[in-house]
Amino acid sequence: MSWGLQNRLSRFVRPRTGHTVMLAVDHGYFLGPTSRLEKPKETIMPLVPYADTVMLTRGVLRKCIDAATDVPVVLRVSGGTSIVGPDLSNEGLITTVDDALRLNACGVALSIFVGTSHEHQTLLNLAKLVDEGEEKGMPVVAVTAVGKELGKRDARYLSLCCRIAAEIGAHIVKTYYCDDFEKVVESCPSPIVVAGGPKIPEKKALELTADSMQAGAIGVDMGRNIWQSDNPIAMIKAVRAIVHNDVNTKEAWGVYEENAKPRRKKRK
Ligand code: R5P
C-alpha cells in the first residue's frame with residue numbers, strides 16, 4: 001500500500017482502535033430527497049463531530065458542506081440509476097478519482113451487484129476504480145448492494161459478494177449483517193464495515209452494531225438508523241461507544257438514553 005493510500009485510509013479508520021464509524025448520507029444518489037435527508041446540510045452538520053467520515057456524493061459535498069469542515073470524506077462514485085428507473089443495478093462511474101482528489105476525499109465508494117444482470121459491468125467498474133485508486137493513492141470501498149430482486153441477506157451470498165470484492169482489490173468492503181456473519185468476515189481478506197439498512201428500533205440497531213463488531217467487522221457505514229432516529233446525536237454517540245470503546249448493547253443503550261431528548265408524557 002502506498003504511503004498516500006495508507007494515510008488517507010488512516011484518516012477514517014482510526015489508528016487507535018483500527019475501527020471506524022462512517023456516516024452514510026449518500027442515499028439521494030438514487031432515492032432523491034429521502035425522509036429526513038431532504039435538507040442534507042441540516043441533517044449532516046450536527047452529526048459531523050461524531051463521525052470518522054461522511055460518505056456522500058460530490059454534489060452534496062460541494063453544495064452543503066462547508067469547506068472549512070474538518071471531516072474526512074468518502075465519496076460515492078457509482079450511480080446513474082434511480083428508484084423509479086428500470087434497474088438499480090445498472091450503475092456506472094459518476095465521479096472520477098481526479099475529482100475525488102480535488103475534493104480532498106480520503107476514499108471512494110462504489111456498489112457491486114453480484115447475481116444481477118449487471119454483475120459483470122459493476123465488477124469491472126470496481127476493477128477500474130481499484131487500478132486508479134492504487135495509482136493515485138485513493139482507498140476504494142466496495143459496497144455489496146443487495147437489490148430488491150435479490151432479497152438475499154444470507155452468509156453464503158454475502159460471503160460470495162465480499163470475497164469477490166476483496167479479490168478484485170477493494171481496500172474496504174461494505175456489506176449487510178446476517179446470521180453467521182463471522183463466516184462472511186473470515187472468508188473476506190479485506191476489512192468489512194456493516195451498513196445499517198432500513199430503519200429499525202434504536203435498540204435493535206445497536207444490537208446489530210455490537211453483533212457485527214463481535215463477529216469481526218471493523219465498524220459501520222450507517223445512515224438511516226442514525227439520521228432517521230428521533231435522536232440522531234444520541235444514536236451516533238451510542239454507535240461510537242460500541243465501535244470504539246467496545247461497550248455492549250446494554251451500555252450503548254445507556255449512552256443513547258443519556259443523550260436522548262426526554263420523551264413527552266402522554267396526556268391522560
Ligand atoms: C446504499 O447503497 C447507500 O450507499 C448507503 O450508504 C448504505 O445503504 C448505508 O446506509 P444505511 O445504513 O441507511 O443502509
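**A parallel barrel and its surrounding helices**

Thr34 is buried, its relative accessible area being 15%, where buried denotes under 20% relative accessible area, exposed over 50%, and partly exposed the range in between, with a 1.4 Å probe and protein chains only. The residue is found in the loop between helix H2 (28-31) and helix H3 (40-44), helices (H or I, at least four residues) and strands (E, at least two) being DSSP runs numbered from the N terminus. When residues up to four places away in sequence are not counted, Thr34 touches His27 and Trp227, contact being defined by heavy atoms within 4.5 Å. The structure is a predicted model, in which local features need pLDDT of at least 70 and side-chain atom pairs count only at pLDDT 80 or more, while totals for chains, interfaces and linings use all residues. Residues are numbered from 1 along each chain as its sequence is written, and side-chain values use heavy atoms, with hydrogens and water left out.

The strands are considered next. Eight strands close into a barrel in the order S1-S2-S3-S6-S7-S8-S9-S10, and the pairing is parallel; two strands are taken to pair if DSSP finds at least two bridges between them. In general, strands of a sheet pair through backbone hydrogen bonds, either parallel or antiparallel. Neighbouring strands of this sheet are turned against each other by 25 degrees on average, direction ignored, with axes given by lines fitted to C-alpha atoms, for helices over the stretch in contact, and angles running from 0 to 180 degrees between N-to-C directions.

Strand S10 (residues 219-222) directs Gly219 and Asp221 one way and Val220 and Met222 the other way, and all of these residues are buried. Strand S1 (residues 20-24) pairs with S10 in the parallel sense over four bridges, and Val21 stands opposite Val220 of S10. Strand S9 (residues 192-195) also pairs with S10 in the parallel sense, over three bridges, with Val194 standing opposite Val220. From S9 the chain crosses through helix H9 (residues 202-214) to S10 in a β-α-β crossover that is right-handed, a term used if, with the strands pointing away from the viewer, the path from the first strand over the helix to the second runs clockwise.

The pairing of S1 with S2 is likewise in the parallel sense, over three bridges, and places Met22 opposite Thr53 in S2. Helix H6 (residues 119-136) touches S6 and strand S7 (140-144), and its direction makes about 160 degrees with that of S6. Helix H11 (residues 232-245) packs on the sheet by touching S1 and S10, its direction making about 150 degrees with that of S1.

In strand S3 (residues 73-76), Val73 and Leu75 point one way whereas Val74 and Arg76 point the other way, and all are buried. Strand S2 (residues 53-56) and S3 run parallel and are joined by three bridges, with Val74 in S3 as the bridge partner of Met55. S2, helix H4 (residues 58-64) and S3 together make a right-handed β-α-β unit.

H6 passes H7 in a right-handed crossing; a crossing is called left-handed if the near helix is turned anticlockwise from the far one by less than a right angle, and right-handed if clockwise. The contact is made by Leu123, Leu126, Ala127 and Val130 of H6 together with Ile164, Ala165 and Ile168 of H7. These residues divide into seven nonpolar, no polar and no charged, with Ala, Val, Leu, Ile, Met, Phe, Trp, Tyr, Cys and Pro counted as nonpolar, Asp, Glu, Lys and Arg as charged, and the others, Gly among them, as polar. Ala127, which lies in helix H6, counts as partly exposed because its relative accessibility is 27%. The C-alpha atoms of Ala127 and Arg76 are separated by 16 Å, the two residues being 51 residues apart along the chain.

Two loop residues remain to be described. Asn104, placed in the loop between helix H5 (97-102) and S6, has a phi near 60 degrees, a positive value in a residue other than glycine, and is exposed, with a relative accessible area of 53%. Asp180 lies in the loop between strand S8 (172-175) and helix H8 (181-186); its phi is also near 60 degrees, a positive value in a residue other than glycine, and at 40% relative accessibility Asp180 counts as partly exposed.
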